[in-house]
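Thanks for coming. I will go through one structure today, contact by contact, and then say where to be careful with it.

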Amino acid sequence: MSAGTRKAAQAALAAEHAAVYGYGVVGGHVAADRRAEAAAAYHAHRARRDALARTVRGLGGEPVAAQAAYALPFAVPDPAAAVRLAALLEDRVADVYSDLVRAAEGALRREAAGALREAAVRAVRWRGSGVPFPGLAERAADTTVTKAGSGSGTARAKR
């Protein structure tokens, strides 16, 4: 596989690290009737994260490590904010998986497409509505997630 594929897989792994962290916040603030949904998403992102770490190793890379903390894009003081954060996390994960779909081939491309689809479906469930083309930065108003202290954990350049 190409260096571009490895780079896209690393970006997806970084996004999964950020999503796992973010769902820790979501789970702590979401209403009781949505806690099972938050827990399921948390476990799904942990599984994808672990699989991507193996994929990156298989591509000859050293998997990017999770940050100790990530800066949230907005305060999450209540259940409504937790739901907004969950939808945003899924949008951002879909963004990086769309890059991996473009960069990969074969089984990895199918896995990335499946992950993109799952993130888009979870985003719709959290938001209550969909977006025309999940995973495309062109339709997103804000496509950056920053890690605490500097840089971005799942930042994407706008095209």
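Let me start with a single side chain. Glu111 is partly exposed, at a relative accessible area of 48%. For that term, buried means under 20% relative accessible area, exposed means over 50%, and partly exposed is in between, with a 1.4 Å probe and protein chains only.

Before going on, the ground rules. This is a predicted model, so local features need pLDDT of at least 70 and side-chain atom pairs count only at pLDDT 80 or more, while totals for chains, interfaces and linings use all residues. Residues are numbered from 1 along each chain as its sequence is written, and side-chain values use heavy atoms, with hydrogens and water left out. The pLDDT itself is the predictor's confidence in each residue, from 0 to 100.

The protein has four helices and zero strands, and the order from the N terminus is α-α-α-α. Helices here are DSSP runs of H or I with at least four residues, strands are runs of E with at least two, and both are numbered from the N terminus. Of the 159 residues in the protein, 44% are buried.

Back to Glu111. Which residue does Glu111 meet in a salt bridge? The partner is Arg48, with 3.1 Å from N to O. Arg48 is in helix 2 and Glu111 in helix 4, 63 residues apart, and the pair links distant parts of the chain. A salt bridge here is a side-chain nitrogen of Lys or Arg within 4 Å of a carboxyl oxygen of Asp or Glu. As background, side chains of opposite charge can pair when their charged atoms come close.

Is Arg48 buried or exposed? Arg48 counts as buried because its relative accessibility is 16%. Arg48 also forms a salt bridge with Glu118, at 2.9 Å from N to O. Glu118 lies in helix 4 and Arg48 in helix 2, so this pair ties together parts that are 70 residues apart in sequence. Glu118 is partly exposed, at 29% relative accessibility.

What else does Arg48 touch, leaving aside its neighbours within four places in sequence? Its contacts include Glu16, Tyr97, Gly114 and Ala115. Contact means heavy atoms within 4.5 Å.

The structure holds seven salt bridges. One more to show is Arg127 with Asp91, whose closest N and O atoms are 2.3 Å apart. This pair also links distant parts of the chain, with Arg127 in helix 4 and Asp91 in helix 3, 36 residues apart. Arg127 is partly exposed at 32% relative accessibility, whereas Asp91 is buried at 12%. As for Arg48, Glu111 and Glu118, salt bridges that share partners join them into one network.

Next, the rings. How many aromatic pairs does the structure hold? There are two. Tyr21 and Tyr70 form a tilted pair, 5.4 Å centre to centre with 55° between the planes. Tyr21 is in helix 1, residues 3-29, and Tyr70 is in the loop between helix 2 (35-58) and helix 3 (79-103), so the pair ties together parts that are 49 residues apart in sequence. Tyr21 is partly exposed at 31% relative accessibility, and Tyr70 is buried at 7%.

The other pair is Tyr23 with Trp126, with centres 6.3 Å apart and planes at 45°, so it is tilted as well. Tyr23 lies in helix 1 and Trp126 in helix 4, residues 106-127, so here the parts tied together are 103 residues apart in sequence. Tyr23 is buried, with a relative accessible area of 2%, and Trp126 is buried at 4%. The criteria: rings of Phe, Tyr and Trp (its six-membered ring) pair if their centres lie within 6.5 Å, and planes under 30 degrees apart count as stacked, over 60 as edge-to-face and the rest as tilted.

Last, confidence. The average pLDDT of the protein is 86, and 81% of the residues score at least 70. Over residues 139-159 pLDDT stays under 50, and the model has 53 contacts beyond four places in sequence for that stretch. Where pLDDT is low, the predicted coordinates should not be read in detail.
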